Amino acid sequence: IGAAKLVVVVAIFLLTFYVISQVFEIKMDANLGHIFARSALDAAAHSTKPPRYKCGISKACPEKHFAFKMASGAANVVGPKICVEDNVLMSGVKNNVGRGINVALVNGKTGEPVDTKFFDMWGGDVAPFIEFLKSIQDGTIVLMGTYDDGATKLNEEARKLIAELGSTSITNLGFRDNWVFCGGKGIKTKSPFEQHIKNNKDTNKYEGWPEVVEMEGCIPQKQD
């Protein structure tokens, strides 16, 4: 009888062990399957995720070009933003923008930032702006964006200096117009990088101001 009991106990133990091991293996298989499935899904999601280009522009720039993206201010609430080569040069977050014309200077050979300034063209004086424009070195990339009002204090001399940087619209820039521009000191032609929206009470997006203007592109690197 003792031997029979021992056989039964051993049999129950072995059966229990077998059942537990089978369940454990099934769970292991399920977990491994889940892990592999997740890995495959993650890989697929990663491969289909669209690539990100510098400054968030829509396509990569060719060699020997600098990526840029910029936006004018929105009414008198949100300041303009200027980004070059994935480097945000001016923005409300950086707290270096202001009412008037915001200007970022970039080295035309290296793409490195040189200077950022803003000039109040509503309540300020145009003279410091003119002196600044005259001091820009040849080969410098110049990016400009308006915020609130960038035109009231502009005079003919200032407009002429900006036109010499490649701007076409500066002659028509008026009170509370929105405008973004990218040109260069010593440029021989008119710049293709310029957007301008007139302040018009019939078409304005905001009360008293037109909609934001945005622009992106690839600036050719200055060659020796």
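How many of the eight residues of strand S6 (residues 140-147) are buried? Eight of the eight are buried, so S6 is largely enclosed by the rest of the structure. Buried means under 20% relative accessible area, exposed over 50% and partly exposed in between, with a 1.4 Å probe and protein chains only.

The structure is a predicted model, in which local features need pLDDT of at least 70 and side-chain atom pairs count only at pLDDT 80 or more, while totals for chains, interfaces and linings use all residues. Residues are numbered from 1 along each chain as its sequence is written, and side-chain values use heavy atoms, with hydrogens and water left out. The chain has a mean pLDDT (the predictor's confidence in each residue, from 0 to 100) of 85, and 79% of its residues reach 70 or more. Where pLDDT is low, predicted coordinates should not be read in detail.

Helices (H or I, at least four residues) and strands (E, at least two) are DSSP runs numbered from the N terminus. Five strands form an open sheet in the order S5-S4-S6-S7-S8, with antiparallel pairing; two strands pair if DSSP finds at least two bridges between them. Strands S5 (113-119) and S8 (193-197) are the edge strands, each pairing on one side only. On average, neighbouring strands of this sheet are turned by 15° against each other, direction ignored.

Within the sheet, S6 pairs with strand S4 (residues 100-107) in the antiparallel sense over eight bridges. Ile101 stands opposite Thr146, and Asn107 has Thr140 as its bridge partner. Strand S7 (residues 178-184) runs antiparallel to S6 and is joined to S6 by five bridges, with Gly184 as the bridge partner of Ile141. In a regular strand the side chains alternate between the two faces of the sheet. In S6, Thr140, Val142, Met144 and Thr146 point one way and Ile141, Leu143, Gly145 and Tyr147 the other way, all of them buried.

Helix H2 packs on the sheet, touching S4, S5 and S6, and its direction makes about 160° with that of S5. Axes are lines fitted to C-alpha atoms, for helices over the stretch in contact, and angles run from 0 to 180 degrees between N-to-C directions. The axes of H2 (residues 127-135) and helix H3 (residues 156-163) come within 10 Å and cross at roughly 25°. That makes H2 roughly parallel to H3, a term for angles under 35 degrees. Phe129, Ile130, Leu133 and Lys134 in H2 meet Glu157, Ala158, Leu161 and Ile162 in H3.

Terms used. Angles under 35 degrees count as roughly parallel, over 145 as roughly antiparallel, 65 to 115 as roughly perpendicular and the rest as oblique. Contact means heavy atoms within 4.5 Å.
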